[in-house]
There are 2 protein chains.
Amino acid sequence: MIGRLNHVAIAVPDLDAAAAQYRDALGAEVGAPQAEPDHGVTVVFITLPNTKIELLHPLGADSPIAGFLQKNPSGGIHHICYEVEDIIAARDNLQAQGARVLGTGEPKIGAHGKPVLFLHPKDFNGCLVELEEV
Amino acid sequence: MIGRLNHVAIAVPDLDAAAAQYRDALGAEVGAPQAEPDHGVTVVFITLPNTKIELLHPLGADSPIAGFLQKNPSGGIHHICYEVEDIIAARDNLQAQGARVLGTGEPKIGAHGKPVLFLHPKDFNGCLVELEEV
């Protein structure tokens with residue numbers, strides 16, 4: 001069911017410093033910061049040959065990652081995203097096996113313009129897992 | 001400098017349950033458990049089309065992930081691994097820019113039989129980063 005690892009998202013306390021580190025110290029291909037006000041984050045995409053790293057920094061008052069950075073002031077891996085072909089079928093299958101989907105259970109349009117869902121970390125080895133329909 | 005994301009490593013409290021979940025609920029290609037006594041872990045590799053997930057469980061008395069699971073009883077993402085072509089050049093470049101390498105600073109042979117180093121999480125946005133020479 002799951003396909004490619006679409007991205008690993010890392011919450012960072014200083015977006016400019018983290019972007020500079022990936023560009024200069026790690027020599028990666030680093031994009032420009034993109035404000036995603038609907039998602040409460042500013043994102044910097046790092047393009048690796050086989051997947052992406054997304055650096056996330058809070059944007060606005062209700063950012064979903066503000067609490068994560070309060071608990072983890074140095075930053076940390078916030079979630080991993082797996083691609084699925086049919087997000088409704090994936091959700092129904094997972095729910096039938098007892099996994100919890102966060103929020104209303106209905107897909108939202110994610111930062112890439114595609115339907116996404118998040119699965120409960122307690123059901124997935126402490127990892128926040130995003131599913132993105134591709 | 002960094003190339004592909006080689007793997008994401010997830011520490012799990014119950015290796016059989018986590019492997020079954022990735023195989024049955026998430027429909028991924030899941031390998032058999034492999035004991036890695038030199039590294040203090042038992043590993044299950046999950047092969048995605050573009051990278052790998054490594055499920056890690058403590059093996060033996062001095063497992064490097066036992067403490068992590070004590071702090072994170074549900075499990076969690078333990079580290080991410082980037083590929084590099086020349087691990088000594090990568091290390092020297094990172095150290096020249098002030099990043100700390102864990103342990104002696106000399107590469108060890110990792111679970112894939114290739115030279116690896118770990119970078120200090122406080123220098124990398126709270127993420128434990130492994131570099132593997134490929």
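How much area is buried between chain A and chain B, and what share of it do carbon and sulfur atoms give? About 3,200 Å² is buried between the two chains, and carbon and sulfur atoms give 61% of that area. Please keep in mind that this is a predicted model. The points below begin at the interface and then move on to single residues, a helix and some strands.

**Where the chains meet**

- The contact between the chains involves 38 residues of chain A and 38 residues of chain B.
- On the side of chain A, A:L26, A:N50 and A:N125 lose the most area to chain B, and together they make up 21% of what that side buries.
- Polar contacts are found here: 19 residue pairs across the interface of chain A and chain B meet the rule, both residues of each being at pLDDT 80 or more.
- Several elements of chain A supply at least two residues each to the side that touches chain B, namely β1 (5–11), α1, β6 and α3 (87–96).
- Helix α1(A) gives the most to that side, with five residues.

**Aromatic pairs across the interface**

- Searching the whole structure over all chains turns up two aromatic pairs.
- One of them is made by A:Y22 and B:Y82, with 6.0 Å from centre to centre and 90° between the planes, an edge-to-face arrangement.
- This pair crosses between chains: A:Y22 belongs to helix α1 (residues 15–25) of chain A, and B:Y82 belongs to strand β6 (residues 76–84) of chain B.
- A:Y22 counts as buried because its relative accessibility is 1%, under the 20% cut-off.
- B:Y82 is buried too, with a relative accessible area of 0%.
- The rings of A:Y82 and B:Y22 also have centres 6.0 Å apart and planes at 90°, so this pair is edge-to-face.
- Here A:Y82 sits in strand β6 (residues 76–84) of chain A and B:Y22 in helix α1 (residues 15–25) of chain B, so this pair joins two chains as well.
- Both A:Y82 and B:Y22 are buried.

**Helix α1 of chain B**

- Which residues of α1(B) are buried? They are B:L15, B:A18, B:A19, B:Q21, B:Y22 and B:A25.
- The cover over these buried residues comes from both chains: it includes β6 and α3 of chain A, along with β1 (5–11), β2 (29–30), β4 (41–47) and β5 (52–58) of chain B.
- At the start of the helix, a side-chain oxygen of B:D14 comes within 3.2 Å of the backbone nitrogen of B:D16.
- Just after the helix, B:G27 has a positive phi of about 65°.

**A buried arginine in chain A**

- A:R91 is found in helix α3 of chain A, and it counts as buried at 12% relative accessibility.
- Its side chain reaches the backbone oxygen of A:G105 at 3.0 Å.
- The side chains of A:R91 and A:E106 are joined by a polar contact of 3.1 Å.
- If neighbours within four places in sequence are left aside, A:R91 is in contact with A:V101, A:G105, A:E106, A:P107 and A:L117.

**Asparagines with positive phi**

- A:N125 is not a glycine, yet it has a positive phi of about 55°.
- A:N125 is placed in the loop between β8 (115–119) and β9 (129–133) of chain A, and it is buried with a relative accessible area of 10%.
- In chain B, B:N125 has a positive phi near 55°.
- B:N125 lies in the loop between β8 and β9 of chain B and counts as buried at 9% relative accessibility.

**Paired strands in chain B**

- Strands β7 (residues 108–109) and β8 (residues 115–119) of chain B pair in the antiparallel sense over two bridges, with B:I109 opposite B:P115.
- These two strands form a hairpin with five residues between them, and B:G113 in the turn has a positive phi of about 80°.
- β8(B) also runs antiparallel to strand β9 (residues 129–133) of chain B, joined by four bridges.
- In that pairing, B:L119 has B:V129 as its bridge partner.

Notes: Residues numbered from 1 in each chain as written. Chains lettered and ligands numbered in written order. Predicted model: local features only at pLDDT ≥ 70, side-chain atom pairs only at ≥ 80, totals over all residues. Heavy atoms only, no water. Phe/Tyr/Trp six-rings, centres within 6.5 Å; stacked < 30°, edge-to-face > 60°. Buried < 20%, exposed > 50% of the residue type's maximum accessible area, 1.4 Å probe, protein only. Pairing = 2+ DSSP bridges. Contact = heavy atoms within 4.5 Å. Buried area = accessible area lost by both parts, 1.4 Å probe. Polar contact = N/O pair within 3.5 Å; in protein donor to acceptor, adjacent residues only side chain to side chain.
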